[in-house]
Amino acid sequence: MTAKNGQLYQLSLTGVLGGLMGIFITRLFGGFSRLDPDNILDQVKRQFRQESPIEGAWIEKHAVPFQKFAVKTEAYYGGITRYEDNQLVQYQFIADAKTGSVLDIHRL
C-alpha cells in the first residue's frame, strides 16, 4: 500500500466513523427528547376553548409506548371536561410526546 493510498484509506475510515458517531449521538440525545406534557395540555386546552369554555383538564406526566397501525411513538394520555348543552362532557386524548400532535381524541 502506498502512502497516498494509506492516507486515503485513513481519511475514508475517519469519515465513516465520524458519520456513525453522529448518528449515535443524534439518536442518543434526540431520540429521547419529549415535549413538556404541560405545554401539550395548554395547546389542547386552547383548541377546545375556541368552541366553548372548559371546566377541567389533565395529562399524564409519563409518556407510554403507542402504536397505531404501523406508526410507533411515545404518547401522553390526557382529558378535557366541558359543558355541552348544559351537560358535563368528557374527552380523552392521546398526544405524541415528541411532536405534541393529537393522535386520537374521543368523547367518553
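This is a predicted model: local features need pLDDT of at least 70, side-chain atom pairs count only at pLDDT 80 or more; totals for chains, interfaces and linings use all residues.
Me: Which residue in β5 stands opposite I94?

Reply: Residues are numbered from 1 along each chain as its sequence is written, and side-chain values use heavy atoms, without hydrogens or water. Strand β4 (residues 87-96) and strand β5 (residues 102-107) run antiparallel. The residue in β5 opposite I94 is D104.

Me: How many bridges join β4 to β5?

Reply: The two strands form a hairpin with five residues between them. In the turn, G100 has a positive phi of about 85°. Two strands pair if DSSP finds at least two bridges between them, and for β4 and β5 the number of bridges is five.

Me: Is E84 buried or exposed?

Reply: E84 lies in strand β3 (residues 71-84), and its side chain makes a polar contact of 2.8 Å with that of R82. Such a contact is a pair of N or O atoms within 3.5 Å; within protein, one must be able to donate a hydrogen and the other to accept it, and residues adjacent in sequence count only if both atoms are side-chain atoms. Buried means under 20% relative accessible area, exposed over 50%, and partly exposed in between (1.4 Å probe, protein chains only). Because its relative accessibility is 17%, E84 counts as buried.

Me: Which residues have the most contacts inside the largest nonpolar core?

Reply: A nonpolar core is a set of buried Ala, Val, Leu, Ile, Met, Phe, Trp, Tyr and Cys residues joined through side-chain atoms within 4.5 Å. The largest one has 13 residues. Two or more of its residues come from each of α2 (37-49), β1 (54-59), β3 and β4. Those with the most contacts inside this core are F48, I59, I80 and F93.

Me: Where is confidence lowest in the protein?

Reply: The mean pLDDT is 82, and 70% of the residues reach 70 or more. Confidence is highest in β1, at 96. At a mean of 54, confidence is lowest in helix α1 (residues 3-30).

Definitions and conventions:
Helices (H or I, at least four residues) and strands (E, at least two) are DSSP runs, numbered from the N terminus. pLDDT is the predictor's confidence in each residue, from 0 to 100.
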